[in-house]
Every structure is written in C-alpha cells, then in structure tokens.
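Q: Hi! I've just opened this one and I'm new to it. Could you walk me through it?

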Amino acid sequence: MFAPHGANSSAGGMMAVGRLGRQRGVGMLAGLLWLAGCGQAQYPATPVLRMGLAQPVLDLDPRRGGDAASARVARLLYSRLIDLDATYQPRPAAADWQQLDTLHYRLTLRQPVPRFGDGSRLVAADVVATYRAVLDPAAASPLRAELGPLASVHATADGQIDFTLSQPDALFPGRLTLGILPARCAGSVSATPPCHYDGSGPFALETLTADRVRLRRRSDDLGLEFQVVPDPTVRVLKLLRGELDLLQNDLPPELLRELGRRPGVQVVRAAGSSYHYLGFNLADPVTGDLRVRQAVAHAIDREALVRYLLAGAAVPAGSVLPPGHYAAARLLPYEYDPALARRLLAEAGLNSPRLVYKTSTDPVRIRIATALQAQLAAAGIRVQVQSHEWGSFFGDVRAGRFQLYSLAWVGIRQPDALRHIFHSGSLPPGGANRGRFANPAVDALLDAAARTSGERQAALYRQAQITVHEALPYVPLWYEDNVYVARAGVRGYMLRPDGAYDALEFTEPPHARDSD
C-alpha cells in the first residue's frame, strides 16, 4: 500500500489546470501592471513599514494561542523566557535556567530586563501570573497541554522563578516560550484590550481592527502596519502602487513569476517548514472509516499539485515535525493509485461517496481545493468544496464541524507537539486533536515518550509518527517554500523556515529616495 510516487504520475487533468492557471495569470498581470503604472508610489508622512496579510489577526493574547497570522504578530509584542534555535534546541531569551533536580527548574531574568508599555520592568510576578493563567483549568487555554507536566510556578526572589513538575520532563526548558504579560493583565483570560496586549517585546500595539494592525517599534518608533487584504491580486497591486511595502507567502505562482521580472521589486525564496495537510473527522461515519481515508490518500497526486499549482515551490511532506528535525520519522508516501482508491471504496461498501471539504476564501487555497476535488472525482469520490471567511472556517475546524479540511501547522519545533495534535486526551479546547483521533497504540507511545529522554524518547516519537501515518487522521501534502516580495527600498528582512516575522525588528522601510 505504501510506495514512492512514480516518475510518470502526473495526471493530464493537472496539466490542463496548470495551463489554465498560467493563461489567467498572464492576463491578470498585464492588467495589474497597467493599473500599477497609473500612479506614483505612495509614501507615508511618518516612517512606517506596511505589510500585507492574507488572513486577519484574530487574537494577540499569548495565553490563548491561535492561528498562524495571530501567532506571528504576537511574537513581536511579547518577551519570552526561552526561545528555540535553528536546531530546535532551547536557548535563553529573557531568562537563564538551571535544573535543580529532576522535578525543579529555576529561571533567572537576564539583564537588562525588558520593559512593558507603561515603562514598568518585567518581574518574576509577571511570569508567575502569566503561567498560572494558562495552568488554570477554568481558563481552558489550548496552550495548557504544551506546558507538559508543569504543576506549579512560584517567585522565589527578585527576578527568580521556580517551576515544579509532576514528573520528569527532558523537554521542559523548551516549553517556556510563552509570551509574558504584566501581572495586572494576566489574571483573567477575559481581560479586555489594551491591557492584555501589553507586552515587553520589540514592538508595542497601537491599534487592532478587523482589517488592520498597527504596531510601533520600540527601538526607533517606526510604525509597522499589517493590512489584511485577502485577494492576492489586490495585495500585489497595492505593493506595486506603493500602498504596501512587503508581502510574504500566499501568492499564486504566476504572480510571483511576473513579479520576478519587474524592476524595483525583490522576490526572495527559501525552504519552508510549514506542514500542509488534509485532515479528516474521525467521528464522522464516512471519513471515520480507514478505507475511505486510504482511498482519499491514494487518489491524490501530490507531485502534480506541487508542479502545476505551486510551480515546484514545495516538497512533499511526511512528518508533522519539520524537515531535519532530530525526532522526525521517515514516512513512505501513499502511492498515487486511483484504481486502488476505487477498490478500497468498494471494500467499504461505498459507491461514489460524497464528502464536504472546507477551506478558507483565500484564492490559492480555493484553487488547491478545486484541484483536489478533480483528482478525487477521478477516483470515484465526489467532493463539495465549501469556502468560508477565515474566522468562520477556523471556528468550524476547532469545533469539529467538518468531514475534510486543509490547513498547515507552522512553527512546530518540540516533538511532543505530536501529543498536542494526536493524543486522545488532546481534544479541543485543551488540545488540537481537531479530527477526534483516538488510537491506544499512539497514546501509549506518546505517554512513554513523555517519561523518557534522549534517543529513546526520539525513537518513541518516530514510532508514534509511523503509527499515526498508518491510521491516517491526516494526509500529508507538502512543505511549501517561503517567499517574500518587497519594494526595492526595503532592507534587512529575512525569511525564517517557520515563516515567523521576527526579522521585522531590524527591517528598514523604503523612503522617497528609493522611488521606483
């Protein structure tokens, strides 16, 4: 059942999709470039860097977590005790740590201590209040599971915090990446803005609306504005007219190709680690049948999708853990085999089943959904695509109101994220097991991994990934490349594999002298 894709697995229908996309792209860009040339580049009266987003920023509260756009912007607002380096190992950020014994860690705030928006210093009481807010069962924070066996947190001295575990956890320092709030704001998860958006990170929040987020860089008072522009063509048009300075990801290949030929525009690519997948609801009587999930997996030609829809700017995905992670398992892909998919459906007693596939209104995601719909139809699976604005779509996914959906995991670094996503005890809202996956073997492997360390722990996580892959709560799709497009005057921006916006702390905006 598992075998590598064949070199000749591209479907003729996907070639038609590719040609159609290219034809539309050329016409679209011709009109777009004409419009862009009708006006002069616009520059704000005060220094500001403007970035276009495909999705709205829903929640910047670090105690609640959430969607990728919100998490990336939130990282700019809050200091963290610990961060993870490029090899996914913990390193000091706002604090150093020492392990007192197997159940006790002591964190000491580093100098100079960050300051909140009101000028007050980040102190031990702020750390304690923030972590206790997430630990509080009444808060039902989805981040509670990410803190592992953390039992209590106490301030023991000025700038010193002790964390006590209920059982040993070799990964614990790497869990302390939560953004820190001032104690006056952290006591209630229902606290209202702006208090609970007051951080001590490199940026301060000025305004937050449904379609715009305005930050101020503390080091030089530069304005940073995120504008929500769902349509990629409109985002590009705004960039060419000088209404936006920087875009990242969520752009169709034909737009990127044309932008790469245009003077005065930077197009930079780098390998990404965001894991794109197709998710199933295992509580549903149809998608809960393993044979149906296997049929879907065998009906998808990922190589064709990557080649024609993503212009080759992705690599087929295996594990949720990013490429190169020390605990990532080597997973053999499901072979593209529509005939086998039909046989599996027949074994399940289903003749041309009908499934509902939910996605967002982003045009790139709709295009991918439509291509998947065509591939599944060729294997006898009728798919109805339903696209919803981001908040409604993501709400349905978290609530389990779906049969099929597609999303991406971004920023996965700790291997016990597998527990947060696949353990039967990680159902929402306390976890991210959105498909209601329950597998005793997977639970046992993840539980055992939590009790050990080193290579033994990594081996258990690898076996858990293999078992998950066989049970198919997700069909892995691909890891998309990251790409940014910027006006010529933008300097200092760098792509990260996880797509985070951290480099904005050092990015320079364009100025009038850089006019294109």
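Predicted model: local features only at pLDDT ≥ 70, side-chain atom pairs only at ≥ 80, totals over all residues.

Q: OK. How much of the chain counts as buried?
A: Of its 516 residues, 53% are buried. Buried means under 20% relative accessible area, exposed over 50%, and partly exposed in between (1.4 Å probe, protein chains only).

Q: And what share of the contacts comes from residues 24 or more positions apart?
A: Such pairs make up 71% of the contacts in the chain with a separation of 6 or more. Contact means heavy atoms within 4.5 Å.

Q: Let's pick a helix. Which residues of α13 are buried?
A: Helix α13 covers residues 440–450, and its buried residues are Val 442, Asp 443, Leu 445, Leu 446 and Ala 449. Seen down the axis of α13, they fall within an arc of 165°, so they line one face of the helix. That arc is taken from the directions from the helix axis to the C-beta atoms.

Q: Why would residues three or four places apart point the same way?
A: An α-helix has 3.6 residues a turn, so residues with that spacing point the same way.

Q: What covers the buried residues of α13?
A: The cover includes α12 (417–422) and α14 (454–471).

Q: And what happens at the start of α13?
A: There, a side-chain oxygen of Asn 439 comes within 3.0 Å of the backbone nitrogen of Ala 441.

Q: New topic: holes. How many cavities of 30 Å³ or more are there?
A: The count is 4. On a 1 Å grid over the protein atoms alone, a cavity is a set of points where a 1.4 Å probe fits but cannot get out, and a pocket is an open set with protein on both sides within 12 Å along at least five of seven lines; lining residues have an atom within 4 Å of a point. Grid points are joined across faces, edges and corners, and a volume is the space filled by probe spheres set on the points.

Q: How much space lies in the largest cavity, and which residues are closest to its centre?
A: The largest cavity holds about 150 Å³. It is lined by 15 residues, and Leu 251, Leu 256, Leu 310, Ala 313 and Glu 480 are the closest to its centre. Both α6 (253–260) and α10 (363–378) supply at least two residues of that lining.

Q: What about the second largest cavity's volume?
A: About 100 Å³. Its lining includes Tyr 275, Phe 422, His 469 and Tyr 474. The elements giving two or more residues to it are α12, α14 and β18 (474–480), and α14 gives the most, with 3 residues.

Q: Where is Trp 97?
A: Trp 97 is in strand β4 (residues 95–101). It is partly exposed, with a relative accessible area of 30%. Leaving out residues up to four places away in sequence, Trp 97 touches residues including Arg 91, Tyr 105 and Pro 173.

Q: Last one: is Ser 200 buried or exposed?
A: Ser 200 is buried, at 7% relative accessibility. You'll find it in the loop between α4 (183–186) and β8 (203–208). The side chains of Ser 200 and Ser 79 are joined by a polar contact of 2.8 Å. A polar contact is a pair of N or O atoms within 3.5 Å; within protein, one must be able to donate a hydrogen and the other to accept it, and residues adjacent in sequence count only if both atoms are side-chain atoms.

Key. Residues numbered from 1 in each chain as written. Heavy atoms only, no water. Helix = DSSP H or I, 4+ residues; strand = E, 2+ residues; numbered from the N terminus.
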